[in-house]
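Q: I'm new to this one. Can you walk me through the fold?

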Amino acid sequence: MHKRTVVVTGASSGIGLATAQRFASAGDQVVNFDLRPPAGDAGAGEWVEVDVTDWAAVGAAVDRVAETHGSVDVAIANAGISLRRTFLEMTEKDVRALLDINLMGVIGLWQAAARHMVAARSGVLLATASTNGSAGYPYYADYNASKAAVLALARTLALELSPHVRTACVSPGYVMTPMQRAEYTDEMLAEVNARIPAGRHADPAEIAEAFHFLASPQARFITGQQLIVDGGELAGGTASSHGVVFGSQDQ
Ligand SMILES: NC(=O)c1ccc[n+]([C@@H]2O[C@H](COP(=O)([O-])OP(=O)(O)OC[C@H]3O[C@@H](n4cnc5c(N)ncnc54)[C@H](O)[C@@H]3O)[C@@H](O)[C@H]2O)c1
């Protein structure tokens, strides 16, 4: 396979970092658009300081990547935040801030990359959605809506940009990343793990593997879809899993 140019947003941490490392280890040139650099020497490829909510900055950075590397082959809109609070506690300011990153940030990157991909008649637009885009989860109403919107975006662009440009989302369930660690106490983590058929959170590398597959020629007939990587969480519906302790047969 030829060396591809892969842009990943939010690749200084968590899922984005693991994804950047996966593509780089396969020989691709990776460019990380993030607010901050990766910690230590963990990063893969080159870091460009970009705020995904700033479309002008994203557009200029994508153009620079195309100019420097010759093409933008894969664009992965991964940067995202989540805020845990009840619907009634939400403020206009924090909901707009979340949607600006989780939804506007995806549209901005995908549009900037698609301009190059359509001209080149080749490319793959990917994003990190979530199981929260397909089921309701309390205390994350705006986050859930942002992820459902990203799934809708992928479906729509599959129609507008086919056959040369493909779109797809990876929808992780619970993944052990700094974002997740910061929001959950040990007790909350144990309670969540007990509701996941696989009995644990995903490792970020397991999500990265899904991105790598979707970007590959082996996935060339897949567009407009999501690949759910959730350890079975959605298989029975979240409501049906309440009260069931998976893995209890092991004790
Ligand atoms: N962790 C999970 O369990 C989980 C599950 C499903 C989906 N996701 C999604 O995966 C994605 C990555 O999450 P993570 O858990 O790896 O989080 P993380 O906090 O570890 O990493 C997010 C990265 O995005 C960057 N970022 C945030 N705002 C930005 C902005 N405005 N511009 C540029 N970069 C910005 C951060 O600096 C950080 O490096 C998010 O879209 C999240 O919604 C996470």
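Predicted model: local features only at pLDDT ≥ 70, side-chain atom pairs only at ≥ 80, totals over all residues.

Q: What is the strand order in the open sheet of 7 strands?
A: The order is 3-2-1-4-5-6-7, and the pairing is parallel.

Q: Which are the edge strands?
A: Strand 3 (46-49) and strand 7 (225-229). Each pairs on one side only.

Q: How many degrees does the twist average from one strand to the next?
A: It averages 20°.

Q: How many bridges join strand 2 to strand 3?
A: There are 4 bridges, and the two strands run parallel. Strand 2 covers residues 29-34.

Q: Which residue stands opposite E49 in strand 3?
A: That is D34.

Q: On to helices. Which strands does helix 7 lie across?
A: Helix 7, residues 204-214, lies across strand 4 (74-77), strand 5 (123-128), strand 6 (165-172) and strand 7. Helix 7 runs at about 165° to strand 6.

Q: What about helix 3 and helix 4: at what angle do they pack?
A: About 15°, with their axes 9 Å apart. Helix 3 spans residues 92-120 and helix 4 spans residues 141-161. Angles under 35 degrees count as roughly parallel, so helix 3 is roughly parallel to helix 4.

Q: Is their crossing left-handed or right-handed?
A: The crossing of helix 3 and helix 4 is right-handed.

Q: Which residues make the contact?
A: Helix 3 gives, among them, V95, L99, W110 and V118. From helix 4 come residues including D142, Y143, L153 and L161.

Q: And by class, what is in that contact?
A: The contact of helix 3 with helix 4 has 15 nonpolar, 2 polar and 1 charged residues.

Conventions:
Residues numbered from 1 in each chain as written. Pairing = 2+ DSSP bridges. Axes fitted to C-alpha atoms, helices over the stretch in contact; angles between N-to-C directions. Contact = placed C-beta atoms within 7 Å. Parallel < 35°, antiparallel > 145°, perpendicular 65-115°, else oblique. Left-handed = near helix turned anticlockwise from the far one by under 90°. Nonpolar A, V, L, I, M, F, W, Y, C, P; charged D, E, K, R; others polar.
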